[in-house]
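Visitor: Please show me the structure. I would like to ask some questions about it.

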Amino acid sequence: MKNVIYQRPAGTAGEFELEWNDGGQLVSLAHPQDTAHMNWVKGKALWGTVKSELDLSAEVKAEFTERGTLLETYVFKNETDFDIYTLGTDLGIYVTFPDFYTDAQICMNSCCNTHIWCGGSSSYICALRMGGGNRNLGLVLTQGSLQGYSVERDLEQRSNDRGDFILHPENLHLRPGESYVISWELFWFQGKKEFEEIAGSCPGFVTIHADHFLVLGEEPICFRASFGRGWLTNSPGCVKQAEAFSPEKPHIFRNGREIPFVWENGEALVEDRPGTPGEYRYEIVSGGKRSRAVFLACSDLRILAEKRCRFIAEKQQCHDEKSHLDGAYLIYDTEEKQQYYSHRYDHDGGRERVGMGALLALYLRHCPDPELEKSLDFYMEYVTRELFDTDTGEVFNDVCRNQDWKRLYNYPWISLLCLEMFQLKKDARFLEWAYRCLKAYYNDGGHHFYAIGIPMYESVSLLRGQGMEKEAQELLECFRKHADYIMECGKNYPPHEVNYEQSIVAPAAAYLCDLYRLTGEEKYAQAARIQLAVLDLFQGFQPDYHMNEVAIRHWDGYWFGKRECYGDTFPHYWSALSGVAYRDTETIAGCPYYARKAEKTFRGVLSMFMEDGSASCACVYPMRINGRLAGFYDPWANDQDWGLYFMLKYAGF
């Protein structure tokens, strides 16, 4: 940048407590009545910093509106004698919301889950305090257009820092003397519903409503586009104001081609049948503004599952009698077209990759196939030889019964595999193994660990169904002790492999729901409601299949991917854990809202499974991460099959 001038606002606003540095940049933004005095613009960079190597000048102005919002305007000007073009990430603006993981109490009170939508003219940020509450910070674009965002992370914090966000305006062409304006308003809101009402009232803002952003088989793509008609700010201390605005009938394009729609009462109703699987980008053009929504069409779920299971059996199973890996389901590199293994933890022959076996067992229970079952039997020989002691229930970290790391996460996944094998084979031996595995988990301290996928309700039900009442009661007592610990902790979550994350809260919610189903005790329902509310704060609602009802996660691509790239993973398959927690909440008073979202949450992970049966362990969504080009599905089929497993189990078969 040639020159950037910052101008702070005149006067004061009762809803904002602001601090500025000597250069006029915002260094603190808080709500004056917030007892935690959370700073919503805390980052490594300064809020509003303009990032560019182009010869542009910029003026940045802040002012208070009559509505009680904070309006920020960025005017980029070409003061050279030559045309200036921007491409991609050439121009960016830092918005430094404090989205990082540290001590749980700091997270609950002083950090936020930041939901970003760069959807052209209808762009926003919905920042939700991690612990919940009635004072959250929203940002809605009022002028200009955003095409995407990048992230700069503190890599020393590894998985615990999501980073500083950089918003990228649309590609520009500025002739000498020309300017381009980006402006947005910041406002307080209570929850997601109020945020959507306020943002959706912004004149010209397009809100997209759809039952599903990922459709299956012959399902059509259906959505409703609503247009903001006048500001509505209903936060305490703000002035309600309705500005007259009557939307004109828009033009709607699918992948660049205009399509018909129904125009009723100022809303566009679209029912579209693209015909073939793939991504479909819809652009809504109205009043000189361009907004977008992104959908994905996939094959029928059973077809998708069959292709994936065949790919695992044919491409990812090791056949090498001289190797300890003989029979294993391994990583598959879709670029090199070959299997891959390393004793490095997240690339090894066990751990999360057990999900491939569980998926095949579940699929075969509903869709028998002799060849696939032969592959699964071969895999079970490998598991019991290398990864699992069927006598003691001990689960090992890798082949050779290696236990370099005694990892409690591994136990529930083996128990789920055994339960699926029992239901497939009707052999009580597998049920006994699942019981021993769960007992071993708790004997090793599992009561104080929020492992992923413990089949509490399922294991007790299956044991009772086989007359194994003693074993069922023993596990129930373990589960009760575990749930009581979760209740005691509440929102004071213990750190795990990451200090705080969605896959700590999701198991907490799911296990309390399971205990309520098993015991009927209201204390578990009450505790579950608390966990479900915190869990919902991770869930995005952007009009894009990558993020709609997909939980915030931002490190998995580094640990499990070939590219070893940190950054927002939209989607990542563990997002499905939110659906696992939501699935059986109808009987909990005040919770049917979550049950209605379960299937959409499960569908949110299906873009990781390709039409040829291959898969990707993570989609790194932002445009760049620490300057590194992102926006890709990682080429490794690694650990993602738990996502398809949960979809089939709870919303498929």
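Guide: Buried means under 20% relative accessible area, exposed means over 50%, and partly exposed lies in between (1.4 Å probe, protein chains only). This is a predicted model: local features need pLDDT of at least 70, side-chain atom pairs count only at pLDDT 80 or more, and totals for chains, interfaces and linings use all residues. Residues are numbered from 1 along each chain as its sequence is written, and side-chain values use heavy atoms, leaving out hydrogens and water.

Visitor: Is Arg-407 buried or exposed?

Guide: Arg-407 sits in the loop between helix H5 (370–387) and helix H6 (410–425). Helices here are DSSP runs (H or I, at least four residues), strands are E runs of at least two, and both are numbered from the N terminus. The relative accessibility of Arg-407 is 4%, so Arg-407 counts as buried.

Visitor: Which residue in E11 does Tyr-124 stand opposite?

Guide: Strand E10 (residues 124–129) runs antiparallel to E11, joined by 4 bridges. Two strands pair if DSSP finds at least two bridges between them. Opposite Tyr-124 stands Val-140.

Visitor: Why is strand E11 largely enclosed by the rest of the structure?

Guide: Strand E11 covers residues 136–143. It is largely enclosed because, of its 8 residues, the number buried is 6.

Visitor: Which residue meets Asp-154 in a salt bridge?

Guide: A salt bridge puts a side-chain nitrogen of Lys or Arg within 4 Å of a carboxyl oxygen of Asp or Glu. For Asp-154, the N to O distance is 3.9 Å, and the partner is Lys-44.
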